[in-house]
Amino acid sequence: MTKERERTRSLVEMALLTAIILILFVTPLGYIPLFFMNATTIHIPVIVAGIVLGWKKGAFCGFVFGLTSFLNASFKSASVTAFLFTPLKPYGNFWSLVIAFVPRILIGVVAYFAYKALFKAIGKKSLSMFFAGVAGSMTNTILVMGMAYIFFAKPYAAATNIAVDGVLKAVCGIMVVNGIPEAIIAGLIASAVCTALMSAFRNRFN
């Protein structure tokens with residue numbers, strides 16, 4: 001395949017995944033609003049990008065996801081903790097941008113390296129993809145909620161009407177109640193989608 005065709009295919013792949021992320025952003029499917037947080041499915045295309053296209057493209061799709069997080073929190077979300085992802089809301093600051101972008105960018109990166117390591121260790125693609133999807137999703141959840149506790153414990157307590165010393169318990173609860181089901185769903189969907197893509201383009205991935 002010529003470099004020009006390879007470049008064109010790469011652009012098409014990135015455009016497609018970016019379009020999926022944006023579709024999830026503008027529909028209720030990407031951010032499912034809860035009182036204390038938005039449950040997300042929009043991270044799944046980022047995981048797929050990381051596993052199938054590599055960590056650099058996974059990181060780019062994660063950046064797009066982060067941008068949608070910032071835009072959603074700034075202009076769409078009614079969540080009381082929207083300030084975690086935007087400095088444009090009360091309590092928000094520079095660290096809001098860090099939370100919005102850094103965990104999202106790392107989703108695809110972690111998914112890629114987790115898949116490579118797991119496949120090398122166990123030799124089973126579908127299982128490796130599943131656990132890579134879980135790892136990518138949990139990376140997002142742990143970093144978002146961990147930084148929420150580190151940088152915004154007092155504002156988080158005020159916004160959610162809990163005591164400051166109860167914030168750690170609250171964010172750990174979200175990691176378990178929200179994060180684990182999200183991670184399992186992400187792993188299952190990512191494994192199915194990545195398996196189908198690698199099967200459809202067998203010559204490329206073998």
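Setting aside residues up to four places away in sequence, I99 touches L84, F85, V144, M147, A148 and F152, where contact means heavy atoms within 4.5 Å. This is a predicted model, so to read it: local features need pLDDT of at least 70, side-chain atom pairs count only at pLDDT 80 or more, and totals for chains, interfaces and linings use all residues. Numbering runs from 1 along each chain as its sequence is written, and side-chain values use heavy atoms, with hydrogens and water left out.

- I99 sits in helix α4, residues 94-122; helices here are DSSP runs (H or I, at least four residues), numbered from the N terminus.
- Is I99 buried or exposed? I99 counts as buried because its relative accessibility is 0% (buried is under 20% relative accessible area, exposed over 50%, partly exposed in between, with a 1.4 Å probe and protein chains only).

**α4 against α5**
- The α4 and α5 axes come within 7 Å and cross at roughly 155° (axes are lines fitted to C-alpha atoms, for helices over the stretch in contact, and angles run from 0 to 180 degrees between N-to-C directions).
- That is why α4 and α5 are roughly antiparallel to each other (under 35 degrees is roughly parallel, over 145 roughly antiparallel, 65 to 115 roughly perpendicular, the rest oblique).
- By class, the α4–α5 contact has 24 nonpolar, five polar and two charged residues (nonpolar: Ala, Val, Leu, Ile, Met, Phe, Trp, Tyr, Cys and Pro; charged: Asp, Glu, Lys and Arg; polar: the others, Gly among them).

**α2 against α3**
- α2 and α3 pack at about 165°, their axes 7 Å apart.
- So α2 is roughly antiparallel to α3.
- α2 brings V46, A49, G50 and L53 to the contact, and α3 brings W55, K57, G58, C61, G62 and F65.
- Six of these residues are nonpolar, three polar and one charged.

**The cores**
- The largest nonpolar core has 27 residues, and I47, I51, V52 and C61 have the most contacts inside it (a core is a set of buried Ala, Val, Leu, Ile, Met, Phe, Trp, Tyr and Cys residues joined through side-chain atoms within 4.5 Å).
- α1 (3-26), α2 (44-53), α3 (55-76), α4, α5 (125-160) and α6 (167-200) each supply at least two residues of this core.
- α2 gives the most to this core, with eight residues.
- Apart from this core lies another, of 23 residues, among them A73, A82, L84 and F85.
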